[in-house]
Amino acid sequence: MTDWQGGELLHIHIAPAAAHEMEAVDEAELVAGRGIVGDRYFLGTGTYSPKPDIREVTLIEIETIDALAANDPPLQDGPIVLDPSDHRRNLTTRGVPLNHLVGKRFRVGDTILRGGRLNFPCKYLEELLGEPVYLPLYNRSGLNCTIETGGVIHPGDVISPLDD
Amino acid sequence: MSARIIMKLTVIDRVEDCAGVLLLSLRHHRKPLLPAWRGGAHVDIHLPDGKVRQYSLCGDPCSRETYQVAIQRETTGRGGSNWIHDQVGAGDTVHVSAPRTNFSLDDGAERHVFIAGGIGVTPLLAMAREARTNGQDFVFHYCARRRADAPLLASLASVCADRLVTHFSDEQRLDIDAMFADLDAAEGTHIYGCGPARLTDAIRRVARVEGWPEERVHFEVFQPALDDDFKPEPFEIIVASTGQRVTVPADQSALSILREQGYSMPSSCELGVCGACICGYTDGQVIHRDSVLSLADRQARMTPCISRARNSVTLDI
């Protein structure tokens, strides 16, 4: 963890309401203490909006998506190929050890996020996708964050550590 | 009942099939393939004002590139079909759920008898396409007031060829007793009905008289089967997972009360016809008021948008 120097933001996805497909955007406005403008958890229209929790912005590693596609380790019957819009996390990252960032602050472009809790997989996602992703996502389902400093982010932004 | 993704689909074609019936072809705005489905499945169309309407898919289940829905203008309906007829054109975007299958070819059937009335043809046309693809034997009885008013008749004739038997009121009205007398009631034969209650009630009645077992007679229902004389009473829900007890007042549904209590409950039609909110129950006497659960399913499952209970029910949520 201590040698992590930084990674990259690959994709940004938002959805206007629960169950609606996630859509890729070329830029997104993060509002401190709220969420991503236009996203369901900013608007209060998400599946879990009635249950307050840390969910202003959610992240997942592309390395996890690649591992599911390669079925490595072989946790399911066969490869599960997910489009970046399928996993329903807002930000897809490369080279960012999300599980190590609980309680840590880090930069995404000019914004600052704080790792709140590990995301855990839900059966709801499995039902929406029609794919058995529940168990394969165990322990690598991403990170739910709060937004400490808002701003506009873009795919390609650098993600870098702030706290020691 | 599982949650379903809501997709942005583009209307790639809009055709007036016959008077008052619109045929829409829909394609995903960026993905080449749509979720797979079986004949008999329906989708929800989410209207901008928050209304949700169910329409059966009537295209070919083998074709994953497009969905087709036939929408009859219901001038005395709840406004959904009028909005679609008046507002939706080629190139427009509509929000459509992934398909849900409450009605499909019985996997054990060897021969299928489809009986459709009017716009009730939509799910059965898709099922006939599937039966034809499977190489299964079937016959299709299609009733409508007049030939010119019969939705999807040309498609149906193309799919069914000489297995289509038409019954137009101004030509040769359906004689349901005679039709049943001609049916091969062999074990592998299943009947599928969809259409106005007048037709489906007649099928039920004659099938019962002729000794057809209930599990071989299937219906798609898109109107709530509500009894105007029903007087709702308050009852109590016990949530199995938490032990919480909540009271459902006479003027509210179990679904709305559960939502008020913070439970995330999927739903769609909230009329007891789509099955989106079905959940299990383990204890209690349920007053089933839906049109989707079979008698067997009602022993352990209920539809909280419309069904109620005597005194109390323990829900498996």
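This is a predicted model: local features need pLDDT of at least 70, side-chain atom pairs count only at pLDDT 80 or more; totals for chains, interfaces and linings use all residues.
Q: How many helices and strands does chain A have?
A: Count the elements, then read their order. Chain A has three helices and 11 strands. Starting at the N terminus, the order is β-β-β-β-α-β-α-β-β-β-α-β-β-β. Trace that order along the chain in the structure above.

Q: What does the radius of gyration say about chain A?
A: Compare the value with that of a compact globule. For 164 residues, such a globule would have a radius of gyration near 15 Å. Chain A has 15 Å, so the two agree. Its C-alpha atoms fill a box of roughly 40 × 40 × 25 Å along the principal axes.

Q: And what about chain B: how many helices and strands are there?
A: Chain B has six helices and 16 strands. Its radius of gyration is 20 Å, close to the 20 Å from the globule rule for 317 residues, so chain B is as compact as a globular protein of that length. The box for its C-alpha atoms is roughly 60 × 50 × 35 Å, again along the principal axes.

Q: Which backbone angles deserve a second look?
A: Most residues other than glycine have a negative phi, and most peptide bonds are trans. Now look at the loop between α2 and β6 of chain A, where Asn71(A) is found. Phi of Asn71(A) is positive, near 50°, and the residue is not glycine.

Q: Which residues does a cis peptide bond join in chain A?
A: The bond joins Asp72(A) and Pro73(A), with omega at about 0°. Pro73(A) is found in the loop between α2 (62-70) and β6 (91-94) of chain A.

Q: At what angle do helices α2 and α3 of chain B pack?
A: Look at angle and distance together. Helix α2 (residues 121-134) of chain B packs against helix α3 (residues 153-160) of chain B at about 20°, with the axes 10 Å apart. That angle makes α2(B) roughly parallel to α3(B). Their crossing is left-handed.

Q: Which residues of α2(B) and α3(B) meet?
A: List each side in turn. From α2(B) come Val121(B), Leu125(B), Ala128(B), Arg129(B) and Arg132(B). They meet Ser155(B), Leu156(B), Val159(B) and Cys160(B) of α3(B). By class, this contact has six nonpolar, one polar and two charged residues.

Q: How many residues are in contact between chain A and chain B?
A: An interface can be described by area or by contacts. The size of an interface is often given as the accessible area lost when the parts come together. Here we use contacts. 10 residues of chain A contact 10 residues of chain B. On the chain A side, four are nonpolar, three polar and three charged.

Methods: Residues are numbered from 1 along each chain as its sequence is written. Chains are lettered from A and ligands numbered from 1 in the order in which they are written. Axes are lines fitted to C-alpha atoms, for helices over the stretch in contact, and angles run from 0 to 180 degrees between N-to-C directions. Helices (H or I, at least four residues) and strands (E, at least two) are DSSP runs, numbered from the N terminus. Angles under 35 degrees count as roughly parallel, over 145 as roughly antiparallel, 65 to 115 as roughly perpendicular and the rest as oblique. A crossing is left-handed if the near helix is turned anticlockwise from the far one by less than a right angle, and right-handed if clockwise. Two residues are in contact if their C-beta atoms, placed from the backbone, lie within 7 Å. Ala, Val, Leu, Ile, Met, Phe, Trp, Tyr, Cys and Pro count as nonpolar, Asp, Glu, Lys and Arg as charged, and the others, Gly among them, as polar. The radius of gyration is taken over C-alpha atoms; the globule rule is 2.2 Å times the number of residues to the power 0.38.
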